[in-house]
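Hi everyone, thanks for coming. Let me put the structure up on the screen, and then we can walk through it together.

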Amino acid sequence: LFAVLVALYEEPEKPNSALDFLKHHLRASAPENPEIEALRLEVAEMKEKYEAVLEENKKLKTKVTDY
């Protein structure tokens, strides 16, 4: 991190965004692929469905033990 900050300081043409400069030099600025974003949304939806199924499972187990 220190080396990247020094590189930013020594840059003759200062970038518009220091944060973007840091991300680029730390290899964290890979361009976002629309497919990746779609997969992230799908994962979030699946997590919600999973939680709903777990809750339903708990309720059904409670009903079964009551009988």
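Let's start in helix α3, which covers residues 34-66 and holds both R40 and E37, 3 residues apart, or about one turn of the helix. Helices here are DSSP runs of H or I with at least four residues, numbered from the N terminus. Before I go on, please keep in mind that this is a predicted model, where local features need pLDDT of at least 70, side-chain atom pairs count only at pLDDT 80 or more, and totals for chains, interfaces and linings use all residues. Residues are numbered from 1 along each chain as its sequence is written, and side-chain values use heavy atoms, with hydrogens and water left out.

Back to our pair. R40 forms a salt bridge with E37, and their closest N and O atoms are 3.8 Å apart. By salt bridge I mean a side-chain nitrogen of Lys or Arg within 4 Å of a carboxyl oxygen of Asp or Glu. How many of these does a search of the whole structure find? It finds 1.

The cut-offs are under 20% relative accessible area for buried, over 50% for exposed, and partly exposed in between, with a 1.4 Å probe and protein chains only.

Now over to helix α1, residues 2-10, where we find L5. L5 is partly exposed, since its relative accessibility is 40%. Together with L1 and L26, L5 makes a nonpolar surface patch of about 300 Å². Such a patch takes residues with over 30% relative accessible area and no salt bridge, joining nonpolar side chains (Val, Leu, Ile, Met, Phe, Trp, Tyr) within 5 Å.

Last stop, N16, in the loop between α1 and α2 (18-25). N16 counts as exposed because its relative accessibility is 86%. N16 and E45 are 29 residues apart along the chain, and 36 Å separate their C-alpha atoms. That's my tour, thanks!

Note on methods. Patches are made of residues with over 30% relative accessible area and no salt bridge: like charges are joined within 9 Å, nonpolar side chains (Val, Leu, Ile, Met, Phe, Trp, Tyr) within 5 Å. Accessible areas come from the Shrake-Rupley method with a 1.4 Å probe; for residues, only the protein chains shown count as cover. Helices (H or I, at least four residues) and strands (E, at least two) are DSSP runs, numbered from the N terminus.
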